[in-house]
Amino acid sequence: MAKLLRPGRARGFTMIEVLVALAIIAVALAASLRAVGSLATGEADLHNRLLAGWSADNELAQLRLTHSWPDIGTKTFDCSQGNLRLTCTDRVTSTPNPIFRKVEVFVTSPGRPGNLAQMVMVVANETNRSL
């Protein structure tokens, strides 16, 4: 014999159950979109810091390769990388040992607070040193 369905009782989900399920899915999708957006922002910031680090490293490498004795003081110049505008600031200070000078390079981006990169190097006076 065939099973008879009870009259008045239908199979399936009610409208409320479907709406609750859709609301849960919508909240989960919104949270995942926010996470993906923050990852994209973090990647762009990391890329900018990488380019700023290259700018600072380039400046210190140039100083190392020229074997020059830097003057004490501060100088600011453009050190852009690609389409990212960057400003480098070299600060040269004396050390307790007069044969050495400390060179600090700070890299900033116009309109953005703080340094994107900062590197420090100690330079020896190779031009005036007797062996």
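Me: How many salt bridges does a search of the whole structure find?
Reply: A salt bridge is a side-chain nitrogen of Lys or Arg within 4 Å of a carboxyl oxygen of Asp or Glu. The search finds 3 of them here. This is a predicted model: local features need pLDDT of at least 70, side-chain atom pairs count only at pLDDT 80 or more, and totals for chains, interfaces and linings use all residues. Residues are numbered from 1 along each chain as its sequence is written, and side-chain values use heavy atoms, with hydrogens and water left out.

Me: Which residues form salt bridges with Asp45?
Reply: Arg49 is one partner, with the closest N and O atoms 3.4 Å apart. Arg112 is another partner, at 2.8 Å between the closest N and O atoms. That pair links distant parts of the chain: Asp45 sits in helix α1 and Arg112 in the loop between β3 and β4, 67 residues apart. Shared partners join Asp45, Arg49 and Arg112 into one network.

Me: Is Glu104 buried or exposed?
Reply: Look at relative accessible area: buried is under 20%, exposed over 50%, partly exposed in between (1.4 Å probe, protein chains only). Glu104 has 8%, so Glu104 counts as buried. Its side chain meets that of Arg91 in a salt bridge (3.0 Å, N to O). Arg91 counts as partly exposed, at 35%. Ile16 is exposed, at 60%.

Me: What is the order of the strands in the open sheet?
Reply: Strands of a sheet pair through backbone hydrogen bonds, either parallel or antiparallel. Helices (H or I, at least four residues) and strands (E, at least two) are DSSP runs, numbered from the N terminus. Two strands pair if DSSP finds at least two bridges between them. Here 4 strands have the order β1-β2-β3-β4, with antiparallel pairing. β1 (73–78) and β4 stand at the edges with a single partner strand each, so one side of each lacks a neighbour in the sheet.

Me: How many bridges join β2 to β3?
Reply: There are 8 between β2 (residues 87–94) and β3 (residues 100–108). Thr89 has Phe106 as its bridge partner in β3. The two strands form a hairpin with 5 residues between them. β3 also pairs with β4 (residues 117–124), again antiparallel, over 8 bridges. There, Lys102 has Val122 as its partner in β4, and Val105 stands opposite Met119.

Me: Which strands does helix α1 touch?
Reply: Contact means heavy atoms within 4.5 Å. Helix α1 (residues 15–66) packs on the sheet and touches β1, β2, β3 and β4.

Note on methods: Axes fitted to C-alpha atoms, helices over the stretch in contact; angles between N-to-C directions.
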